[in-house]
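Look at the model below before reading on. The briefing that follows takes up a few of its loops, helices and aromatic rings in turn.

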Amino acid sequence: MRVTFLGTGAAMPTGRRAQTGLLVESGDDRVLVDCGSGVLNALARTDAGYEGVSTVLLTHHHLDHVADLLPLMKARWLAGEEHLEVVGPQGTKELLDGLLSVHEYMDGRIDLRVREVGPESFELAGFSVDATETRHSMYCLAYRFTHENGAEGESEADDDSEPPAFTFGADSEAFEGLANFADGSAVLAHDCSFPDEVDVSNHPTPSQLGTTLADSGTELGRVYLTHLYPHTEGRHEEMLESIGERYDGDVRFARDGLTVEIE
């Protein structure tokens, strides 16, 4: 698998980070996870482009995760693409119906398919996906991705091994349930919106995240911090130190345009 961070920012723009969006790929299989403001431009800079992505998976419906959804639909229509599947938690159909009621000229331009999912396992665009509810101000799902091609190239002795997993924690407080959901993942992308001195709910600070990961005993290959508010600018080193005082795993900051190979 390959994950490209299209947007690692949040609801307050910095000028250097688009809002939330990730492109998850394996071979020709692709899923766009969330589609906040600026993500469509970032997607256009990838090899796949918006023409090559026909499946969108939403974690929740806050604006910084869905703002470019209808622009994506229009761009695909203008590019001659005929299909788009949008999958997300309860209320996703209502969200799309509402957007199309405002922009009626887009209704029927492409074959739009909407599917709602919950805390369950499902197949999507060639990926096996597990979902769990996070702790956020709006109902939100975290997702764990595996792909059947993820174990290619392993020896016969490893035939029964699980393919590598990527977990996107979406917007959430840090809590052991989410850490355990990601256990064994080669890569976890986790919300770390603010430095420690900010009094915040619905998002974690570095000390909260570090303590949760350490207490859970979760085994992870690497953790990428994302959903970064402007408050984190110039504070990355101290934020990593705060996490490192509690959790000794490999933790790094994500950035727009970063591509991570998951093997």
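**Briefing: loops, helices and rings**

Asp-34 sits in the loop between strand 3 (29-33) and helix 1 (39-44). Helices (H or I, at least four residues) and strands (E, at least two) are DSSP runs, numbered from the N terminus. The model is predicted, so local features need pLDDT of at least 70 and side-chain atom pairs count only at pLDDT 80 or more, while totals for chains, interfaces and linings use all residues. Residues are numbered from 1 along each chain as its sequence is written, and side-chain values use heavy atoms, with hydrogens and water left out.

**Two residues with positive phi**

- Most residues other than glycine have a negative phi, and most peptide bonds are trans.
- Asp-34 has a phi near 65 degrees, which is a positive value in a residue other than glycine.
- Asp-34 is buried, with a relative accessible area of 0%; buried means under 20% relative accessible area, exposed over 50%, and partly exposed in between (1.4 Å probe, protein chains only).
- Ala-125 also has a positive phi, near 50 degrees, and is a residue other than glycine.
- The loop between strand 7 (121-124) and strand 8 (127-133) holds Ala-125.
- Ala-125 counts as partly exposed, because its relative accessibility is 29%.

**Two histidines in loops**

- His-136 is found in the loop between strand 8 and strand 9.
- With a relative accessible area of 15%, His-136 is buried.
- Leaving aside neighbours within four places in sequence, His-136 is in contact (heavy atoms within 4.5 Å) with His-60, His-62, Asp-171, Ser-172, Asn-202 and His-203.
- The C-alpha atoms of His-136 and Met-12 are separated by 17 Å, and these two residues are 124 residues apart along the chain.
- His-203 lies in the loop between strand 11 and helix 6.
- His-203 counts as buried, at 8% relative accessibility.
- Not counting residues up to four places away in sequence, His-203 touches His-136, Asp-171, Ser-172, Glu-173, Asp-191, Ser-193, Phe-194, Gln-208 and His-227.
- Between the C-alpha atoms of His-203 and Glu-94, 109 residues apart along the chain, the separation is 26 Å.

**Helix 6 and its surroundings**

- The buried residues in helix 6 are Pro-206, Ser-207, Leu-209, Gly-210, Thr-212, Leu-213 and Ser-216.
- These buried residues pack against helix 5 (176-181), strand 11 (187-191), strand 12 and helix 7.
- Ser-207, a residue of helix 6, is buried with a relative accessible area of 17%.
- Apart from residues up to four places away in sequence, Ser-207 touches Asp-196, Ser-242 and Arg-246.
- Gly-217 follows helix 6 and has a positive phi, near 70 degrees.

**Helix 6 against helix 7**

- Two packed helices are described by the angle between their axes and the distance between the axes.
- Helix 6 (residues 206-216) and helix 7 (residues 236-244) pack at an angle of about 30 degrees, and their axes are 7 Å apart.
- Axes are lines fitted to C-alpha atoms, for helices over the stretch in contact, and angles run from 0 to 180 degrees between N-to-C directions.
- Helix 6 and helix 7 are therefore roughly parallel to each other (angles under 35 degrees count as roughly parallel, over 145 as roughly antiparallel, 65 to 115 as roughly perpendicular and the rest as oblique).
- On the helix 6 side, Pro-206, Ser-207, Leu-209 and Gly-210 meet Met-239, Ser-242 and Ile-243 in helix 7.

**Aromatic rings**

- There are 6 aromatic pairs in the structure; rings of Phe, Tyr and Trp (its six-membered ring) pair if their centres lie within 6.5 Å, and planes under 30 degrees apart count as stacked, over 60 as edge-to-face and the rest as tilted.
- Phe-5 and Tyr-224 form a tilted pair, because their ring centres are 5.7 Å apart and their planes are at 50 degrees.
- This pair links distant parts of the chain, with Phe-5 in strand 1 (residues 2-7) and Tyr-224 in strand 12 (residues 222-226), 219 residues apart.
- Both Phe-5 and Tyr-224 are buried.
- Phe-145 and Phe-166 form a stacked pair, because their ring centres are 6.1 Å apart and their planes are at 20 degrees.
- Phe-145 lies in strand 9 (residues 141-147) and Phe-166 in strand 10 (residues 166-168), so the pair ties together parts that are 21 residues apart in sequence.
- One aromatic cluster is formed by Phe-122, Phe-127, Tyr-143, Phe-145 and Phe-166.
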